[in-house]
Amino acid sequence: MAEEAADLVRQLAGEGHFSAEAADRRIGEIAAELALTGSYRQSTQELLLGSRIAWRNNPQCVGKFYWKGLETRDCRDAGADGDEGELFEALVDHLRQAWNGGKVRLLLSVFAPSGPERPGPRVWNGQLIRYAGYRRHDGSVLGDPETVELTEAVLRLGWRGRGTEYDVLPLVIQRPGHEPRLFDLPSDAVPEVRISHPEFPFFEQLGLRWHAFPTISNQVLELGGLRYTLAPFSAWYTCTEIGARNLSDTNRYDKLPLVARGMGLDTGRDRTLWRDRALLELTAAVLHSYDRDGVAIIDHHFATKQFVRHEEREHKSGRTCPADWSAIVPATSGSTTPVWQRRYEATRVRPNFAPHPAPWQSGSVAGASSVNGASSVNGAGAGRSGQ
């Protein structure tokens, strides 16, 4: 921890945030605090600037051009008295602030880190807003197949959804040494966009929708030797994430056959390229719908051009640009974007974000009682999953 803390302070000094003398002084302060308590508390400046570098270092994100615009909320004292409700209110406030009336903000909220012998708080959800996936007796899934395991876990905790394709899952909040509790999100914290198409009226009959922005919540922020186990991160969507993945993948909502039939395409033969044509129009419908509702979203051409600008800017600054090519290249029209012929190294350096193993895979989930929309459960493990 002392080594990583010193590395972070020196990096911040090297990037011009404070002097070498101030860095040496701060490293000494951290060493003294570590010797006394076994941990240390980062300054607000270290938290903000370090979080931005962690995003810059993450190889999975195509939107890093804007890394300097990331805002960080210091929530390290939220729930300090052992109140999961206070943690929940801080998470709801994060969603409301990130939404910003449709002008989605780049926002990270950082909660208490793990201590020497005590893990930090966490949520089970991969994203703060996710739709349920109900496994039917015939093996099919109503809703999102990606969340089937989490849905089954919260059902065992006592939650009951409405049984639709777009039931918003509750947040499962767990403090170290305590049972997890369920909290239903208020509707104003879950803005959604209904999908329509400017040229195909049948889209409205499909009832497609998606939540307005993503908030990743299953990653650990590794910063200066500390591990922040609850650090939800919000940004705006790229249109292909919704149109060409979430609503299209056969292991997700698998809506391409419905779209193709509505377009009058021949789905009996692959040579008609019905999937490609349906994929393009579904992605166009997503862009149209977000623009119609005034919700921030970017297209994959703009996103990849900005990423190349970010890469060039990093090289001019004497830094490498960690990137996972498979994550940077968009799911549709990849060869038409400037990142297609480039090659990247998906190196992992700290500070960074790391995935958490899924908690319901590391422990049992027993019966739960529910009080005022919150449930508790016995025997659950402590882990985390990531996407």
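I began with S10 and strand S13 (residues 233–234): 2 bridges join them, and they run antiparallel. Thr-215 stands opposite Ser-234 in S13. I am using DSSP runs here, numbered from the N terminus, with helices as H or I of at least four residues and strands as E of at least two. Strands pair if DSSP finds at least two bridges between them.

A note to myself: this is a predicted model, where local features need pLDDT of at least 70, side-chain atom pairs count only at pLDDT 80 or more, and totals for chains, interfaces and linings use all residues. Residues are numbered from 1 along each chain as its sequence is written, and side-chain values use heavy atoms, leaving out hydrogens and water.

Next I looked up the whole sheet. I found an open sheet of 4 strands in the order S1-S2-S13-S10, with mixed pairing. S1 (71–74) and S10 (215–216) each have a single partner strand and stand at the edges, so one side of each lacks a neighbour in the sheet.

Then came the helices. Helix H3 (residues 44–57) packs on the sheet and touches S1, strand S2 (107–110) and S13; contact means heavy atoms within 4.5 Å. The direction of H3 makes about 135 degrees with that of S1. I take axes as lines fitted to C-alpha atoms, for helices over the stretch in contact, with angles from 0 to 180 degrees between N-to-C directions.

Last, I checked Asn-352, which lies in strand S16 (residues 352–355). Asn-352 is buried, at a relative accessible area of 1% (buried means under 20%, with a 1.4 Å probe and protein chains only). Residues touched by Asn-352 include Ala-54, Pro-59 and Val-220.

Notes:
Buried means under 20% relative accessible area, exposed over 50%, partly exposed in between (1.4 Å probe, protein chains only). Lists of a residue's contacts leave out its neighbours within four places in sequence.
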